[in-house]
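Visitor: I would like to learn how to read the contacts in a model like this one. Could you take me through them step by step?

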Amino acid sequence: MQLETFLRHQGYSKKQIRQSFLQEKIFIDGRTPRRIGQTIDPGYQKIFLEGEQIKGERHHYFILHKPQGYVTSSWGSVPQTVYELLPPAWRNVPYVGRLDKNTTGLLFFTNNGQLAKVMQQPSSHVVKTYRVTTLEPLAATDSQKFQDGIIIDANTLCRPADFILCDDHTALVTLTEGKFHQVKKMFLSVGKKVIALERLSFGPLQLPKDLGVGQARSLTLGEFNQIRDFFQ
Ligand code: URA
């Protein structure tokens, strides 16, 4: 990682970093760096800025099989947040891509701010698949409408979505964007009320079959490599 990127991730502004660099107040293993973009590894080197040691925060990556009834919001902000399902050491790790209170399925968390930003920016078009159950029966023509692009919120055109009809009331829908309540609004625009919604995948991550509802676990090395290769 570059020195400047590392310090930015620790919360220092570009201006502050440049100033400290020019005033020779940054030290890597006791030496002033020659370039602000110099490659460093905080796991192996001691980095000081203005006399303070800057330790790289350990990055956490984990997934939760979210149950119904839990709010995707920070720990303690409202009753019954998803953080109540997590061990205390994970309660300050941000979620990436929220789910509604009554939505179940895959919820990803990381405190790797750079990765979270890329995963959430609209231009990344991260693919998400949902299993959707509706009150009214679905029709084969719904599939075409989703593939053509549904309009929600009166005039917002959604990107084309894959739609696989599983049975009269169930479909698998794959989106490449994440607007607020998007799936529910898309179905309402074809006259169907969503009564159950489950996220099965998020980017390269799949909801593991053996992860029980309400359980969380760290990414496996394989999952971690997939996510790193996908977004970096
Ligand atoms: N779309 C919705 O409407 N709700 C969710 O929780 C996720 C996607």
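Guide: Gladly. Let us begin with polar contacts: a polar contact is a pair of N or O atoms within 3.5 Å. Please keep in mind that this is a predicted model.

Visitor: With that cut-off in hand, how far is the backbone N or O atom of V183 from a nitrogen atom of the ligand?

Guide: The distance is 3.2 Å, from a backbone N or O atom of V183 to a ligand nitrogen. For H181, a polar backbone atom lies 3.3 Å from an oxygen atom of the ligand. D100 uses its side chain instead: one of its polar atoms is 2.8 Å from a ligand nitrogen.

Visitor: How much of the ligand's accessible area does the protein cover?

Guide: On its own the ligand has 240 Å² of accessible area, and the protein covers 94% of it.

Visitor: Which residues are around the ligand?

Guide: They are L99, D100, T103, Y130, H181, Q182, V183, K184 and L197. By type, this shell divides into 4 nonpolar, 3 polar and 2 charged residues. Helix 5 supplies the largest share, with 3 residues. In terms of domains, at least three shell residues come from domain 2 (61-122 + 216-230), and at least three from domain 3 (127-202).

Visitor: Which loop holds A154, and is A154 buried or exposed?

Guide: A154 is in the loop between strand 8 and strand 9. Its relative accessible area is 78%, so A154 is exposed. A154 also has a positive phi, near 75°, and is a residue other than glycine.

Visitor: Now for charges. What is the general idea behind a salt bridge?

Guide: Side chains of opposite charge can pair when their charged atoms come close. In this model, a search of the whole structure finds 8 salt bridges. One of them joins the side chains of K192 and D142, at 2.8 Å from N to O.

Visitor: Why does the K192 and D142 pair tie together parts that are apart in sequence?

Guide: K192 lies in the loop between helix 5 (182-189) and strand 12 (194-202), whereas D142 belongs to helix 4 (residues 140-148), so the pair links parts 50 residues apart in sequence. Both K192 and D142 are buried.

Visitor: Which residue does D153 form a salt bridge with?

Guide: D153 pairs with K185, and their closest N and O atoms are 3.0 Å apart. Since D153 is in the loop between strand 8 (151-152) and strand 9 (156-157) and K185 is in helix 5, the pair ties together parts that are 32 residues apart in sequence. D153 is partly exposed, at 45% relative accessibility, and K185 is partly exposed too, at 24%.

Methods: Residues are numbered from 1 along each chain as its sequence is written. This is a predicted model: local features need pLDDT of at least 70, side-chain atom pairs count only at pLDDT 80 or more; totals for chains, interfaces and linings use all residues. Side-chain values use heavy atoms; hydrogens and water are left out. A salt bridge is a side-chain nitrogen of Lys or Arg within 4 Å of a carboxyl oxygen of Asp or Glu. Helices (H or I, at least four residues) and strands (E, at least two) are DSSP runs, numbered from the N terminus. Buried means under 20% relative accessible area, exposed over 50%, partly exposed in between (1.4 Å probe, protein chains only). A residue is near a molecule or strand if one of its heavy atoms lies within 4 Å of it. A polar contact is a pair of N or O atoms within 3.5 Å; within protein, one must be able to donate a hydrogen and the other to accept it, and residues adjacent in sequence count only if both atoms are side-chain atoms. Accessible areas come from the Shrake-Rupley method with a 1.4 Å probe; for residues, only the protein chains shown count as cover. Ala, Val, Leu, Ile, Met, Phe, Trp, Tyr, Cys and Pro count as nonpolar, Asp, Glu, Lys and Arg as charged, and the others, Gly among them, as polar. Domain bounds come from an automatic or database domain assignment.
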